[in-house]
Amino acid sequence: MSIIKVENLSTAFGDNLVHNNISFEVNKGEIFGVLGGSGSGKSVLVKQIVMLNEIQKGTIKIFDKDISKLSLDETKEIKLNFSYLFQFGALYSFLNVIENISVMLKEYTNLPKDLIEKIAYTNLDIVGLPKRVAKLYPSELSGGMKKRVALARSLAMQPKILFLDEPTSGLDPASTQQINELLLYLKNSLDMTTVIITHDLETIKTVLDRFIIIKKDKIFDGNISKAMNSDDEFIKDFLTNKKAM
Ligand SMILES: Nc1ncnc2c1ncn2[C@@H]1O[C@H](COP(=O)(O)OP(=O)(O)O)[C@@H](O)[C@H]1O
Ligand SMILES: [Mg+2]
């Protein structure tokens, strides 16, 4: 069942055409990848889906609703189903780990304090971090730990759709692998659909169920074995990391 449906999306900034008539669907429960070179409009595309950027041309449907035709209340309601982890998604440096994880719960729910703390600790555990880091500040964490805390913060809202913009960028190979394992674990244990922007070949090969590659047009839509069998030179180079991504 499709949970996100993008139809004939075109986006231009001045004379910079970024998306040319792109259509695709994301199915419920899958880990879906948005791939493409640097500047190909991956972040803009995801921001349009989460309603941070305007849709210039085409339609985006979420849960079968055209998101450009929602009332204010409907918009609020749909947004409660999303969590969006920004590229370079930063933690608040003046809040400790558990406070960072609690931020959205405090902002968007009326849950009592002790329950919020419980949920925060549960999510700390889900992303594989020990209790002892709860009171540490971001400056005291490694890069991989920061990403985990940011992920825990996104998961705390129990989103139906989780959006991750380059969740492993800037991480060393070991931390990248840990995040990849975590994403797979989450897929098998939570009832959630995930949309990931990534350049990481391991993520592409081991985590994604399906992905698109965009380069103004959508140039690929399918799974890794289909991509591996593609005759397209760009896609071949892309998947062997020969092309600058
Ligand atoms: N608000 C904006 N105004 C003008 N140009 C923009 C804006 N947002 C993004 N762009 C341009 O759109 C293109 C795609 O950007 P982006 O989606 O961030 O690429 P990426 O695929 O690397 O995430 C880039 O050329 C970028 O400069
Ligand atoms: Mg980007």
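Buried area here is the accessible area (1.4 Å probe) that two parts lose on being put together, summed over both. This is a predicted model, where local features need pLDDT of at least 70, side-chain atom pairs count only at pLDDT 80 or more, and totals for chains, interfaces and linings use all residues. Residues are numbered from 1 along each chain as its sequence is written, and side-chain values use heavy atoms, with hydrogens and water left out.

**View 1. Two domains in one protein chain.** Domain 1 comes in two pieces, 1-81 and 159-245, while domain 2 covers 89-158; the bounds come from an automatic or database domain assignment. Going by C-alpha atoms, their centres sit 25 Å apart. Where they meet (contact means heavy atoms within 4.5 Å), domain 1 brings 17 residues and domain 2 brings 11.

**View 2. What gets buried between the domains.** Together, domain 1 and domain 2 bury about 1100 Å², with 73% of that on carbon and sulfur atoms. On the domain 1 side, look for L80, P159 and L182: they supply 38% of the area this domain buries against domain 2, more than any other three residues.

**View 3. Polar links across the boundary.** You'll find zero salt bridges between domain 1 and domain 2 (a side-chain nitrogen of Lys or Arg within 4 Å of a carboxyl oxygen of Asp or Glu). Two residue pairs are in polar contact, both at pLDDT 80 or more; that takes a pair of N or O atoms within 3.5 Å, and within protein one must be able to donate a hydrogen and the other to accept it, while residues adjacent in sequence count only if both atoms are side-chain atoms.

Definitions and conventions. Chains lettered and ligands numbered in written order.
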